[in-house]
Amino acid sequence: MEVVAVIGASSDTTRYSYKAMEMLEEYGHKPLPVHPREEVVRGHKVTHNLGELAGQKIDTVTVYVNPAISDKYEKDLIAVKPKRVIFNPGAENPRLEASLKMSGIEVENACTLVLLRTDQF
């Protein structure tokens with residue numbers, strides 16, 4: 001079981017970040033929702049600041065926010081030091097990706113839902 005932080009997690013069932021939370025659980029992973037304003041997503045208490053997870057084992061961070069927002073997570077992503085960060089379609093951020101790679105964090109531009117469905121997660 002991987003521990004997966006979901007940046008941009010939403011309680012809106014039509015959002016891909018909600019579907020990712022759902023599917024991560026379905027595939028036996030432990031999702032940790034991260035969002036500045038949400039309180040609970042799929043029964044999980046939301047972390048409002050990614051930096052609060054520093055010191056915990058985080059295998060993957062999957063990103064569902066645009067580059068203007070994800071840029072603000074740079075310091076916390078490096079502090080959390082996940083094995084990898086997945087930038088989902090529309091969330092790609094080349095500048096942040098380069099910074100993460102320089103910090104030794106694996107980066108993928110991929111769809112978390114597709115990776116799960118095709119056993120590539």
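In helix α4, the buried residues are L96, E97, S99 and L100; buried means a relative accessible area under 20%, exposed means over 50%, and partly exposed lies in between, as found with a 1.4 Å probe on protein chains only. These four sit on the same side of α4 because they cover an arc of only 165° around the axis, the arc being that of the directions from the helix axis to the C-beta atoms. This is a predicted model, in which local features need pLDDT of at least 70 and side-chain atom pairs count only at pLDDT 80 or more, while totals for chains, interfaces and linings use all residues. Residues are numbered from 1 along each chain as its sequence is written, and side-chain values use heavy atoms, with hydrogens and water left out.

The face of α4 turned away from the buried side carries P94, K101 and M102, which are exposed. The cover over the buried residues of α4 includes α2 (67–70), α3, β6 and β7 (106–109). Helices (H or I, at least four residues) and strands (E, at least two) are DSSP runs, numbered from the N terminus. After α4 comes G104, with a positive phi near 85°.

Now to the interior. In soluble globular proteins, nonpolar side chains tend to be buried together. A nonpolar core is here a set of buried Ala, Val, Leu, Ile, Met, Phe, Trp, Tyr and Cys residues joined through side-chain atoms within 4.5 Å. The largest such core has 21 residues, and I7, L50 and L77 touch the most other members. At least two residues of this core come from each of β1 (3–7), β2 (30–34), β5 (60–63), α3 (74–80), β6 (84–87) and α4 (94–102). The top contributor is β1, with three residues. Leaving out residues up to four places away in sequence, L77 touches I7, L50, V61, P82, V85, L96, L100 and I105, where contact means heavy atoms within 4.5 Å.

A second, separate core holds 17 residues, among them M23, V46, I86 and L116. L116 lies in helix α5 (residues 112–117) and counts as buried because its relative accessibility is 2%. Beyond its neighbours within four places in sequence, L116 contacts M23, L24, Y27, H29 and F121. Y27 and L116 are 89 residues apart in sequence, yet their C-alpha atoms are 7.3 Å apart in space.

Charged residues complete the picture. Side chains of opposite charge can pair when their charged atoms come close. With a salt bridge taken as a side-chain nitrogen of Lys or Arg within 4 Å of a carboxyl oxygen of Asp or Glu, the whole structure contains eight. R42 meets E22 in one of them, at 3.8 Å from N to O. R42 counts as partly exposed because its relative accessibility is 31%; E22, at 35%, is partly exposed, and so is E25, at 29%.

Another salt bridge joins E74 and R95, whose closest N and O atoms are 2.9 Å apart. It connects helix α3, which holds E74, with helix α4, which holds R95, over 21 residues. R95 is partly exposed, with a relative accessible area of 43%.
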